[in-house]
Amino acid sequence: MDEQYTVNNEAALRKIIPHPPSIMSKRLQAELDQVCLEIIEHSKLYVLASSDKNQSIKLCSIQSLRVLNRTTILLSGEEMRSGGMADSSVSLYFLMPGVGHGLRLNGEVNDVKEGVLLNMRTAYLHCARAAARAGLWEKRISEQHDFSNISVETFLQHSASLFLKTKNSQGQVELSPRGDEPGFVSSVAPNTLFIPERPGNKVAVSLRNILQDDDVELLMFLPSGGFLMRVLGKASLCTRPEYREQASVNNNPPKLGILIHHCEYSIIASEVLEKLQKDIQCGELITPAVKSFSKAFSEHTNGTGLKGKLAHIIIDGVVKKDMRSLY
């Protein structure tokens, strides 16, 4: 690893990515409000990551989840009951078909008879930029592509979306979506991947976590077919010029990226993903009529009263500007 191009501490990171505006802290909520409940109601899938080293990232059907109250969620299903995630930190990310923004929930779990009980710590709204860059709900691969022999190279060439699992020094897990043009995760050396860091909310939770704990896991998606690829490895923050230049879009190279070393790959079939994609292709899924991200964010941070309505005017302008500045 070339130390010259490695970011080793948060002070160095903040010279590249400045601190976020103070309003970002208001996105962290301690319980589920109506915005969160709406997203969960209309989601079809959720991604689950655990601090338990014996548990890989899972893609789950929303049917295996039940909201018990504003701070407690029951996760059921056979894989939950058989896995055993007692006393671990978890992070969930909810996906609504056709909708770019999503919801992340973090908390701790306990095994119960019915499955796994999640005691929520924080709820966080994610904007739609990663989904927009990836064209998450668009059909990105033509029918002529043959996926009968899925390989690591297939994923690296065609994947436009992934979820990144990181942990902080306290072992608390964080899931973060990443999305870009197909092939944005590049192989730069044997068992070494580079993921460009595109403009975001500047909170940089995943990047700060990597500075504290370099163990990471990826869950990569193909734009069609029912396969996923998990990647385990050791991560560092990299500013190497040739890697950044290779990841340029519209002559805009990223300021840095995540370099993942010692990668271990596993490709898995996912029945829930295959069913969802078939439903989308057959036109059986309708994009839910949920609030726009700017309205959801305004209500999530400022309520539904006059303060929230006034905030929406400002936030809507900022969100539209962000969506025009994907790179």
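Two strands count as paired if DSSP finds at least two bridges between them; helices (H or I, at least four residues) and strands (E, at least two) are DSSP runs numbered from the N terminus. The model is a predicted one, where local features need pLDDT of at least 70, side-chain atom pairs count only at pLDDT 80 or more, and totals for chains, interfaces and linings use all residues. Residues are numbered from 1 along each chain as its sequence is written, and side-chain values use heavy atoms, with hydrogens and water left out.

**Exercise 1. Work out how strand 7 pairs with strand 6 and strand 8.**

Step 1: start with strand 6 (residues 88-95) and strand 7 (residues 102-112), which run antiparallel and are joined by seven bridges. Pick out Ser91: its bridge partner in strand 7 is Asn106.

Step 2: look at the turn. Strands 6 and 7 make a hairpin with six residues between them, and Gly98 in that turn has a positive phi of about 80°.

Step 3: go on to strand 8. Strand 7 and strand 8 are also antiparallel, with 11 bridges joining them. This hairpin has two residues between its strands, and Leu103 stands opposite Leu125 in strand 8.

**Exercise 2. Find the largest nonpolar core and say which elements supply it.**

Step 1: A nonpolar core is a set of buried Ala, Val, Leu, Ile, Met, Phe, Trp, Tyr and Cys residues joined through side-chain atoms within 4.5 Å. Buried means under 20% relative accessible area, with exposed over 50% and partly exposed in between (1.4 Å probe, protein chains only).

Step 2: the largest core has 33 residues, and those with the most contacts inside it are Ile40, Tyr46, Leu65, Leu92, Phe94, Leu103 and Leu105. Elements that each supply at least two residues of this core include helix 2, strand 2 (45-50), strand 6, strand 7 and helix 9. Strand 8 gives the largest share, five residues.

Step 3: zoom in on Leu105. Leaving aside neighbours within four places in sequence, its contacts (heavy atoms within 4.5 Å) include Ile40, Leu92, Phe94 and Met120.

Step 4: Apart from the largest one lies another of 28 residues, among them Leu156, Leu162, Phe184 and Ala204.

**Exercise 3. Classify the ring pairs Tyr46–Phe94 and Phe194–Tyr243.**

Step 1: recall the cut-offs. Rings of Phe, Tyr and Trp (its six-membered ring) pair if their centres lie within 6.5 Å; planes under 30 degrees apart are stacked, over 60 edge-to-face, and the rest tilted. The whole structure has five aromatic pairs.

Step 2: Tyr46 and Phe94 have ring centres 5.8 Å apart and planes at 35°, so this pair is tilted. Tyr46 is in strand 2 and Phe94 in strand 6, 48 residues apart. Tyr46 is buried at 0% relative accessibility, and Phe94 is buried at 0% too.

Step 3: for Phe194 and Tyr243, the centres are 5.6 Å apart and the planes at 50°, so call that one tilted as well. Here the link runs from Phe194 in strand 12 to Tyr243 in helix 7 (residues 241-246), 49 residues apart. Phe194 and Tyr243 are both buried.

Step 4: The charged end of Arg240 sits over the ring of Tyr243, 5.7 Å from its centre; the test is NZ of Lys or CZ of Arg within 6 Å of the ring centre and within 35 degrees of the ring normal.
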